[in-house]
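We will walk through it step by step.

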Amino acid sequence: MFSKHKDFIFLSLDFELREGSYGLLNLEENMRQLEAHSKMLIESYKRVTGNSLLEVQVNTSMCAEALFNAQFVLLSHGTELDPVLNYGNRLALELWEMDWSTFTSTPSRLTAEPMERGQREKLLENARTQGFSADYTGVRISRSGRRFEIRNAIIWSVLDSYGRYQGQAAVFSEWNPL
């Protein structure tokens with residue numbers, strides 16, 4: 001159940017601490033939730049785009065670690081009126097200069113500068129109505145104010161195994177500082 005990768009364990013511990021309980025049982029439950037969310041990201045990406053998010057097939061217990069350590073940026077947000085980020089892999093956390101706790105309590109709109117938010121909203125609405133949107137390029141901003149351009153991002157609607165809308169996610173592997 002527990003990964004040997006120390007950063008992944010720290011991620012899990014941070015997630016667990018953010019939830020406010022310090023018991024091992026709660027850590028295991030949080031790990032199960034993270035694995036389930038990771039699996040949902042993988043499956044919904046395949047369902048709406050027809051493509052695989054990971055190049056290799058991984059079992060459910062390894063989904064979370066595979067996505068967290070992937071060589072692309074992956075992030076998702078929930079279904080709140082002002083959606084809050086609920087997942088970011090290692091590269092997303094590094095790019096936005098946040099730890100897990102900060103990242104997963106940040107409204108996703110704050111990942112873009114105010115003047116970019118209108119364009120971002122149009123993109124998200126398009127992804128909601130079409131299932132996904134590909135080849136997006138736009139400017140984003142890190143926690144410290146560092147600006148960077150993302151290229152060829154794919155944004156998709158995250159659906160659970162019953163086809164219910166659970167939020168949106170984005171994946172990209174090209175970015176440049178501005």
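The lining of the largest cavity is made of 12 nonpolar, five polar and two charged residues. This is a predicted model, and the cavity in question has a volume of about 210 Å³. Of its 19 lining residues, those closest to the centre are Leu 75, Arg 120, Leu 124, Ile 155 and Ala 170.

The largest share comes from β5, with four residues.

Now let us step back to the overall layout. The protein has six helices and six strands. Starting at the N terminus, the elements follow the order α-α-α-β-β-α-α-α-β-β-β-β. Of the 178 residues, 48% count as buried.

Is Glu 80 buried, partly exposed or exposed? Its relative accessibility is 40%, so Glu 80 counts as partly exposed. The side chain of Glu 80 reaches the backbone nitrogen of Val 84 at 3.1 Å. Glu 80 and Pro 107 are 27 residues apart along the chain, and their C-alpha atoms are separated by 9.3 Å.

The second stop is Ser 142, which sits in the loop between β3 and β4. Ser 142 counts as buried because its relative accessibility is 5%, under the 20% cut-off. What does Ser 142 touch, leaving aside residues up to four places away in sequence? The answer is Leu 95, Trp 96, Glu 97 and Phe 148.

Finally, a word on confidence. The average pLDDT of the protein is 84, and 84% of the residues score at least 70. Over residues 1–25, however, the pLDDT is below 50, although this stretch has 47 contacts in the model beyond near neighbours in sequence. Where pLDDT is low, predicted coordinates should not be read in detail.

Conventions
Residues are numbered from 1 along each chain as its sequence is written. This is a predicted model: local features need pLDDT of at least 70, side-chain atom pairs count only at pLDDT 80 or more; totals for chains, interfaces and linings use all residues. Side-chain values use heavy atoms; hydrogens and water are left out. pLDDT is the predictor's confidence in each residue, from 0 to 100. Contact means heavy atoms within 4.5 Å. On a 1 Å grid over the protein atoms alone, a cavity is a set of points where a 1.4 Å probe fits but cannot get out, and a pocket is an open set with protein on both sides within 12 Å along at least five of seven lines; lining residues have an atom within 4 Å of a point. Grid points are joined across faces, edges and corners, and a volume is the space filled by probe spheres set on the points. Helices (H or I, at least four residues) and strands (E, at least two) are DSSP runs, numbered from the N terminus. Ala, Val, Leu, Ile, Met, Phe, Trp, Tyr, Cys and Pro count as nonpolar, Asp, Glu, Lys and Arg as charged, and the others, Gly among them, as polar. Buried means under 20% relative accessible area, exposed over 50%, partly exposed in between (1.4 Å probe, protein chains only). A polar contact is a pair of N or O atoms within 3.5 Å; within protein, one must be able to donate a hydrogen and the other to accept it, and residues adjacent in sequence count only if both atoms are side-chain atoms.
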